[in-house]
Amino acid sequence: MKTVKTTYDRRSFLKASLLSGGGMLLSIGSLSGFKSDDIFNSDDPQKGWNELNGFVKITADNVIKIMSPNPEGGQGVKTSMPMIVAEELDVDFSKIIIEQADLNTKHFTRQFIGGSQAIHQGWQPLRMAGATARHMLREAAAKTWNVPFEEVSTGSGVLYHKKSGKSATYGEMATAAVQMPVPKEVKLKDIKDFRIIGKSQHNVDLKKIVSGQPLFGIDTRKEGMMIAMIIHPPAFGLKFKSIANGSAVSKMKGVADIFPVKIYNEGYERTFFDTATFNEVVAVVGKTTWEVIQAKKALKIEWEPFESYTQPRNMLGRKQMENVPGGLEDSTQHTAVLAERLSQPATVRRKDGDVEAAFKGAAKVIERVYNAPFLAHNCMEPMNFFAHVTNEKAELSGPLQKPEFTEQALSARLGMPLEKIDIQMTRLGGGFGRRSYAHWLIEAALISQKVKAPVKLIYTREDDMTSGIYRSTYTARYRAALDANNQLIGFHVKAGGAPESPLYPNRFPAGAVDNYLAEDFTVDSNITVGSYRAPRSNFMAAAEQSFLDEVAETAGKDPIAFRLELLKRAKEKPVGKNNDYEPERFANVLNLVREKADWDNLKTSKKLGFSAYFCHDSYAAHVLDLEMKDDSVLINKVWCAIDCGIVINPDAAKNMAEGGIVDAVGAAMYGKMTFTKGVPDADNFHNFRMIRHNEAPKQIEVHFVENDIDPSGMGEPAYPPVYGALANALYKATGKRFYNQPFNDYII
Amino acid sequence: MAKFNLKINQKNLSVDVDPSTPVLWVLRDHIGLTGTKFGCGMAQCGACTIHLDGNAVRSCVLPVSAIGKQAITTIEGLSANGTHPVQKAWIEHDVPQCGYCQAGQIMSASSLLKSNPKPTDEEIDAAMSGNICRCGTYLRIREAIKTAASK
């Protein structure tokens, strides 16, 4: 067993502090907000919960409840996080109640989803929560039975004293257990003793989902609730001027009110997630959705161009000025400017050796440019939120990824202390990064405040797709220098984007090449961007993994063997510092997928593409097999190998990998958002092409590297390498290299 | 506004709404059945799929005035307690991720199996391609449909 220190009280948990780079650092903190009268202070209809800590509640008649702290957006944390608690608590997973916790910064930290970090960061705190509760139950039994603590064992929610033959359910000891001191340290289970972790469990909401029960924010119905929608400017570069026919439209049936809403106040220092593309929108409030939609269509609003401006932004502790240029932008202009900037000086992010000397002395030089357009997230559940704001309090409920940050922004906007704001998290109908930017929560709250009623704000699909916060548009130029022996002696990447740079300077092949240079640049744009499944990696992997395929081909090497050669170098004699990845773990996934796909035998007979990438602390490698059929792409099979450490819920993790692969094939093949004079060229699914059933790979095989390493990300790592595997397989099938996304635009 | 007598999930219900109101919003706002989902409002994503006399239709573009005497079935009425073979297959294969599109997927799949009890892969693709899943659960959906077809 492993002993860990638990310097926390009942109510206190590991505090996570944000790093400036967006990563998370765990440190043990102690909050002392616990008061004994809080124990039964629960809104739960079932009274008598003994709260052993924020995660574990047990009634005297042995109902055991585990709180799931983080929002559930389809990544499975509402199942997998409680599995970890249940493992250490030693209960039967099928017999417990699992409940989504509200935002509660006293009980929980890092109560958000993003960066595939929920399990990675939650691993120790969740185990401790279960182990601490179990420890206190054992203490209570030992005291009650007057036997030594060490002699009290547990099994599936029952406490035993074998010598005397005494036993009791957790429920019977729960009331006594909450009176026990919180242990200074607890023993965690040996990995080999896991009974729940590593055994597939069904999604805890499965039955509710398949029977259509209300789980999503958009399903919210409350007494006296009104429906609200917004109208935002039709083009990036425009702002609200006036409502032309408000009084006429407000007389339409079912319409209650029409008014402009300003999301963030002037002078408010926006933080990382406070992106609101259009800071002033027009709210339409009415009785029913259809009536509000009709009013929305009838409204005539005047918009006007805005001048360029700068605004202060606090990017996770790093203060910077954000430039927002005026003007109506075109995608052709973005492409031209990005191309032009590739030939201009950029910011050096990493430099090893002497790259220019390496290129001068090279036997062969390869240079390629890769491009990708903006992408809309297109969560299937359109943005929405419920709000009921009075002078006394603000009640919010709905789907969002970063409630703690949004609560702070709302507190500032309403001038209301955090204690008076209650945010409940509903299941998210997809997140993919989009729901980290919850300007719609603030809109809902302001609308409710104005109409003095509970309000559900719903975006139409068009509102959702045209309101920005996209995946950025990117470009990257790669150069590789090979010597006469086809050794990679120089590598240079220059990457940029509008408005965000995609570069990860310390990723592979950094560390494996003597002469390495990574630089980047950004181009200002008034088109807003935000995290999009595997941010930046989704482009860098595509570009880099396509490029490496071409470099391997030029060197006359097998693409997997070529990468393994580089990883060997990075392991044995790493170049430079701060290499993100562990070469050995990286090589393992390459070898695993090579074996499972029978790469060495099939690569000549089939059109196979290979790609691998490290991100979110996990490693993934894919082999993709496709063929062309009447100019359309038929993906027969994808083999996927992943190292994400200990796999909590294997079948759910497999589902994530399968979904990530399908999703990435769709974005790589068809995904694009372009602009004409600031207006998005796509606004619904008839003109934004999403992958459909018939276009998905016919078969996907997922293999996990088995190890005892603490779990790392699983929601994103399978996604980025798909683009490269697809591009490289397309090359085999068509003889053409695919440098620009979406690939389908360049097939014929 | 006009009064419409509707048969929804075996129950007779009457609503007083504008005749142009899509069945989707009648269900969600007026009846309180929120299992049928709003996705696009233009019959492009399938999230709003219901059965009209057993056939899959997109309720977001179907005005309530077009229903007449046809019986509406929503995900809530597909079976008692989620025991339709398609729902059971969905559970067996643990299909959903976020789950938002799944009611529509299940309604399309159950309609397919009613008219074609043993569909081929191509027939499944053809019947299901109007239903988008951003999470990418298409392979599990196909397997679940095959499982349901085998029972």
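This is a predicted model: local features need pLDDT of at least 70, side-chain atom pairs count only at pLDDT 80 or more; totals for chains, interfaces and linings use all residues.
Asn50(A) has Ile58(A), in strand 5 of chain A, as its bridge partner. Residues are numbered from 1 along each chain as its sequence is written, and chains are lettered from A and ligands numbered from 1 in the order in which they are written.

The bridge belongs to the pairing of strand 4 with strand 5 (residues 56-58) of chain A, which is antiparallel and extends over two bridges. Strands here (E, at least two residues) and helices (H or I, at least four residues) are DSSP runs, numbered from the N terminus; two strands pair if DSSP finds at least two bridges between them. In chain A, four strands form an open sheet in the order 4-5-6-7, with mixed pairing. Strand 4 (50-51) and strand 7 (97-100) of chain A each have a single partner strand and stand at the edges, so one side of each is left without a neighbour in the sheet.

Chain A contains 17 helices and 34 strands. The radius of gyration, taken over C-alpha atoms, is compared with a globule rule of 2.2 Å times the number of residues to the power 0.38. For the 748 residues of chain A a compact globule would have a value near 27 Å, and the 27 Å of chain A agrees with this. The C-alpha trace of chain A spans about 80 × 75 × 50 Å along its principal axes. Of its 748 residues, 55% count as buried, that is, with 20 or more other C-beta atoms within 10 Å of their own, against 12 or fewer for exposed and values in between for partly exposed, with C-beta atoms placed from the backbone. Contacts are defined by C-beta atoms, placed from the backbone, that lie within 7 Å. Among contacts in chain A between residues at least 6 apart in sequence, 77% join residues at least 24 apart.

Helix 12 (residues 537-554) and helix 13 (residues 559-572) of chain A pack at about 100°, with axes 9 Å apart. Axes are lines fitted to C-alpha atoms, for helices over the stretch in contact, and angles run from 0 to 180 degrees between N-to-C directions. Helix 12 of chain A is thus roughly perpendicular to helix 13 of chain A, a class covering 65 to 115 degrees, with angles under 35 roughly parallel, over 145 roughly antiparallel and the rest oblique. Leu548(A), Asp549(A) and Ala552(A) of helix 12 meet Pro559(A), Phe562(A) and Arg563(A) of helix 13.

Val679(A) lies in strand 33 (residues 679-680) of chain A and is partly exposed, with 18 other C-beta atoms within 10 Å. Beyond its neighbours within four places in sequence, Val679(A) is in contact with Pro234(A) and Ala235(A).

Chain B has five helices and five strands, in the sequence pattern β-β-α-β-β-β-α-α-α-α. Buried residues make up 60% of its 151 residues. The C-alpha trace of chain B spans about 45 × 25 × 25 Å along its principal axes.

At the interface, 50 residues of chain A are in contact with 44 residues of chain B. Helix 16 of chain A supplies the largest share of the side of chain A that touches chain B, nine residues.

Definitions and conventions. Two residues are in contact if their C-beta atoms, placed from the backbone, lie within 7 Å.
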